[in-house]
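Thank you all for coming.

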Amino acid sequence: MSDIETISAKEMDRYIFDPAYLLVDVRNPAEYRKMHIKSAVCIPHEYLLQRIRGLGSAVPILYCDRGGLSMQAVRELQEHGYRAISVVGGIQAYRGRYLER
């Protein structure tokens with residue numbers, strides 16, 4: 001099993017408008033509506049494997065509340081041959097300017 005690829009929450013701003021990457025919030029829609037990162041799409045963890053092909057060639061950068069769920073999701077995607085990146089600390093660690101409430 002390969003290592004989980006991660007970035008810090010501080011690094012997220014660098015990827016937000018980069019078309020090679022897609023921010024994916026793996027929390028439920030209610031949590032997403034309450035607070036999320038600009039340009040992120042909400043794909044709850046339980047639907048991620050079904051919807052991953054629809055993301056095209058963009059590398060998904062997954063985040064959740066504190067980082068545990070996104071790490072688990074990246075591991076699952078890797079097991080199915082996909083590359084994905086997890087945000088360490090999740091949205092709770094994010095202090096950038098693109099937080100939407």
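What follows is a tour of this model, with the conventions stated as we go.

Please keep in mind that this is a predicted model, in which local features need pLDDT of at least 70 and side-chain atom pairs count only at pLDDT 80 or more, while totals for chains, interfaces and linings use all residues. Residues are numbered from 1 along each chain as its sequence is written, and side-chain values use heavy atoms, with hydrogens and water left out.

Let me start with H45, which sits in the loop between β4 (41-42) and α2 (48-51); helices (H or I, at least four residues) and strands (E, at least two) are DSSP runs, numbered from the N terminus. H45 has a relative accessible area of 17% and is therefore buried, where buried means under 20% relative accessible area, exposed means over 50%, and partly exposed lies in between, computed with a 1.4 Å probe on protein chains only. The side chain of H45 makes a polar contact of 2.9 Å with the side chain of E76. By polar contact I mean a pair of N or O atoms within 3.5 Å, where, within protein, one must be able to donate a hydrogen and the other to accept it, and residues adjacent in sequence count only if both atoms are side-chain atoms. If we leave aside neighbours within four places in sequence, H45 is in contact with V26, L69, Q72, A73 and E76, contact meaning heavy atoms within 4.5 Å.

Y63 is found in strand β5 (residues 59-63), and at 0% relative accessibility Y63 counts as buried. A polar atom of the Y63 side chain lies 3.0 Å from the backbone nitrogen of I37. Again leaving aside neighbours within four places in sequence, the contacts of Y63 include M12, V26, I37, S70 and V87.

A brief word on backbone geometry. Most residues other than glycine have a negative phi, yet S39 has a positive phi of about 75° although it is not a glycine. S39 is placed in the loop between β3 (36-37) and β4, and at 36% relative accessibility S39 counts as partly exposed.

Within α3, the residues S70, A73, V74, L77 and Q78 are buried. They cover an arc of only 140° around the axis, which puts them on the same side of α3, the arc being that of the directions from the helix axis to the C-beta atoms. What covers these buried residues includes β1 (5-8), α2, β5 and β6 (85-88).

How many residues does the largest nonpolar core have? It has 19 residues, and M12 and I37 are those with the most contacts inside it; such a core is a set of buried Ala, Val, Leu, Ile, Met, Phe, Trp, Tyr and Cys residues joined through side-chain atoms within 4.5 Å. The elements that give two or more residues to this core are β5 and β6, and the largest share, 3 residues, comes from β5. Apart from this core lies another, of 15 residues, among them V26, I43, A73 and V74.

Finally, the structure holds 4 salt bridges, each a side-chain nitrogen of Lys or Arg within 4 Å of a carboxyl oxygen of Asp or Glu. R83 forms one with E5, the closest N and O atoms being 2.7 Å apart. Since R83 lies in the loop between α3 and β6 and E5 in strand β1, the pair ties together parts that are 78 residues apart in sequence. Both partners are partly exposed, R83 with a relative accessible area of 42% and E5 with 31%. Another salt bridge joins R14 and E11, with the closest N and O atoms 3.8 Å apart; here R14 counts as exposed at 56% relative accessibility, whereas E11, at 25%, counts as partly exposed.
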